[in-house]
Amino acid sequence: MGREALEREIGDELAELQAAYDDSDRALADRLGIGRTDLRCLDLIVRGGPCSATQVAARLGLTRGSVTALLDRLERAGYASRQPDPAHGKRVLVVPTQRLIELVAPLVEPRARAGREQLAPYSAGELRLIRTFLRETRVRHAEYAAELRGTPS
């Protein structure tokens, strides 16, 4: 198989991967009884740690009012709470609740374990190559999204 055909297949696989992630995110959001943007917010605060509403708005491309409504929904669902930032007197941080962690951990742990098993046969050098490809692809997509929104990335 030639390089052009391989590049086309990689592009096709990336599109299918994106669709599979979209499907699994939708299924998880449905299981939790929340919307996809709400799930994105939870992902931010679980993987990235507590953050301010302003940071959530910037990362998700939302207005302050939209973020307020989103955080209100997540608090009502028992998935997130707002807590004072110990480092800044006036700032409030959005944090995941223990309830969320207890609900989500058993749902995502099998997928994480399968991912670790899938990566096990690769050498450290191969893993660095995969990481570089994924990182560059993510950055390119973030830049494209910012371009479509007319905002700097």
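A word on pockets before you click: on a 1 Å grid over the protein atoms alone, a pocket is an open set of points with protein on both sides within 12 Å along at least five of seven lines, where a 1.4 Å probe fits, and lining residues have an atom within 4 Å of a point. This is a predicted model, where local features need pLDDT of at least 70 and side-chain atom pairs count only at pLDDT 80 or more, while totals for chains, interfaces and linings use all residues. Residues are numbered from 1 along each chain as its sequence is written, and side-chain values use heavy atoms, with hydrogens and water left out.

**Stop one: a pocket**

Select Ser52, Ala53, Thr54, Arg64, Val67, Thr68, Leu71, Arg82, Val92 and Val94, which line the second largest pocket. Colour by element and you'll find that helix H3 (53–60), helix H4 (64–77) and strand S3 (92–96) each give two or more residues to that lining. Helices here are DSSP runs of H or I with at least four residues, strands are runs of E with at least two, and both are numbered from the N terminus. H4 contributes the largest share of the lining, four residues. By type, the lining of this pocket splits into five nonpolar, three polar and two charged residues; Ala, Val, Leu, Ile, Met, Phe, Trp, Tyr, Cys and Pro count as nonpolar, Asp, Glu, Lys and Arg as charged, and the others, Gly among them, as polar. The space in the second largest pocket comes to about 210 Å³, with grid points joined across faces, edges and corners and the volume taken as the space filled by probe spheres set on the points.

**Stop two: the sheet**

Now show the strands. You have an open sheet of three, in the order S1-S3-S2, with antiparallel pairing. Strand S1 (51–52) and strand S2 (80–84) stand at the edges with a single partner strand each, so one side of each has no neighbour in the sheet. Two strands count as paired if DSSP finds at least two bridges between them.

Where do the bridges fall? Two of them join S1 to S3: Cys51 stands opposite Val94 in S3, and Ser52 has Leu93 of S3 as its bridge partner. On the S2 side, five bridges join S2 to S3, and Ala80 stands opposite Pro96 in S3.

Jump to helix H2, residues 36–47. Its 12 residues should span 16 Å at 1.5 Å a residue, and the end C-alpha atoms are 16 Å apart, which agrees; the expected span is 1.5 Å times one less than the number of residues. The buried residues of H2 are Asp38, Leu39, Cys41, Leu42, Leu44 and Ile45, buried meaning under 20% relative accessible area with a 1.4 Å probe, protein chains only. Just after H2, look for Gly49, with a positive phi of about 90 degrees.

Centre on Cys41 in H2; this residue is buried, with a relative accessible area of 0%.

Which residues touch the most other members of the largest nonpolar core? Of its 22 residues, they are Leu32, Ile34, Cys41, Leu42, Leu74 and Tyr79. Helix H1 (3–32), H2, H3, H4 and helix H5 (98–119) each supply at least two residues of this core, and H2 gives the most, five. A nonpolar core is a set of buried Ala, Val, Leu, Ile, Met, Phe, Trp, Tyr and Cys residues joined through side-chain atoms within 4.5 Å.

**Last stop: H6 and the whole chain**

Select helix H6, residues 124–149: 26 residues reaching 37 Å from first C-alpha to last, close to the 38 Å expected. Just after H6, Gly150 takes a positive phi of about 75 degrees.

Zoom out to see six helices and three strands, in the pattern α-α-β-α-α-β-β-α-α along the sequence.

Definitions and conventions:
Buried means under 20% relative accessible area, exposed over 50%, partly exposed in between (1.4 Å probe, protein chains only).
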